[in-house]
Amino acid sequence: MIQNTTIMFKFGKRSKQCLQGVHKDLQLIMEETIKVSQLDFGIHEGARTIEKQLEYFHSGKSKIDPRKKENLIHAKHVLYEGRKNAEAVDIHISSKQYAWNTLHLSFVAGSIIAIAEKLYQEKKTTHKIRWGGNWDRDKIIIEDQRFDDLPHFEIHKPEST
């Protein structure tokens with residue numbers, strides 16, 4: 001017999017702090033997803049400074065060099081003149097054993113993408129989501145990309161509604 005157990009996770013203090021300074025649509029997507037997710041996850045990073053972005057660029061964690069102004073539009077975490085709210089977050093799976101595990105991150109990504117689509121269809125948000133495991137949103141996960149960033153989620157404004 002299958003037991004009906006309802007699991008309901010919620011964000012801790014650090015995740016809530018990381019969501020501060022993040023676009024309201026992305027905050028709502030993450031807050032609604034954690035309520036229904038089958039795996040506990042947290043927000044690892046939200047908004048970041050240009051200096052932090054440069055550190056990530058130099059260490060190879062990011063491909064975006066923030067010293068070139070034309071690149072800043074692609075650095076969705078970075079707050080700068082012209083962007084008041086970060087447009088991206090990075091997540092982690094709360095279990096230390098699986099924190100950066102591809103399978104678990106992909107599983108949670110499906111939930112985040114589904115919730116984002118639902119909220120968009122209900123007109124509760126004006127953005128959809130782009131995931132670092134499927135940048136082009138073609139449903140081919142990881143294999144057809146030059147750069148994988150599975151913990152990364154960013155808002156995306158559809159061209160037509």
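## Briefing: a predicted single-chain model

The side chains of E45 and Y56 make a polar contact at 3.2 Å. The model is predicted. The chain holds 4 helices and 4 strands. Two residues are followed below: E45, in strand β1, and V108, in helix α4.

**Fold and overall dimensions**

- Read from the N terminus, the order of elements is α-α-β-α-β-α-β-β.
- The radius of gyration is 16 Å, close to the 15 Å that the globule rule gives for 161 residues, so the chain is as compact as a globular protein of that length.
- The C-alpha trace spans about 60 × 40 × 35 Å along its principal axes.
- Among contacts with a separation of 6 or more, 59% join residues 24 or more positions apart.

**Burial, surface and charge**

- Of the 161 residues in the chain, 41% are buried.
- The accessible surface of the chain is about 10,200 Å². Carbon and sulfur atoms contribute 52% of that surface.
- The chain carries 26 positive and 22 negative charges.

**E45 in strand β1**

- Strand β1 covers residues 41-45, and E45 belongs to this strand.
- E45 has 9% relative accessibility. The cut-off for buried is under 20%, so E45 counts as buried.
- Beyond its neighbours within four places in sequence, E45 is in contact with C18, K52, Y56, H77, A88, V89 and D90.
- Y56 is one of these contacts, and its side chain is also the partner in the 3.2 Å polar contact with the E45 side chain.

**V108 in helix α4**

- Helix α4 runs over residues 102-121 and includes V108.
- V108 counts as buried because its relative accessibility is 0%.
- Setting aside residues up to four places away in sequence, V108 touches S37, L39, F41, I91 and I93.
- F41, one of the residues V108 touches, lies within the 41-45 range of strand β1.
- V108 and T33 are 75 residues apart along the chain. Their C-alpha atoms are separated by 8.7 Å.

**The two sites together**

- Both sites are buried: E45 at 9% relative accessibility and V108 at 0%.

Key:
Residues are numbered from 1 along each chain as its sequence is written. This is a predicted model: local features need pLDDT of at least 70, side-chain atom pairs count only at pLDDT 80 or more; totals for chains, interfaces and linings use all residues. Side-chain values use heavy atoms; hydrogens and water are left out. The radius of gyration is taken over C-alpha atoms; the globule rule is 2.2 Å times the number of residues to the power 0.38. Buried means under 20% relative accessible area, exposed over 50%, partly exposed in between (1.4 Å probe, protein chains only). Contact means heavy atoms within 4.5 Å. Accessible areas come from the Shrake-Rupley method with a 1.4 Å probe; for residues, only the protein chains shown count as cover. Lys and Arg count as positive and Asp and Glu as negative; His and the chain ends are not counted. The place of a charge is taken as NZ of Lys, CZ of Arg, CG of Asp or CD of Glu. A polar contact is a pair of N or O atoms within 3.5 Å; within protein, one must be able to donate a hydrogen and the other to accept it, and residues adjacent in sequence count only if both atoms are side-chain atoms.
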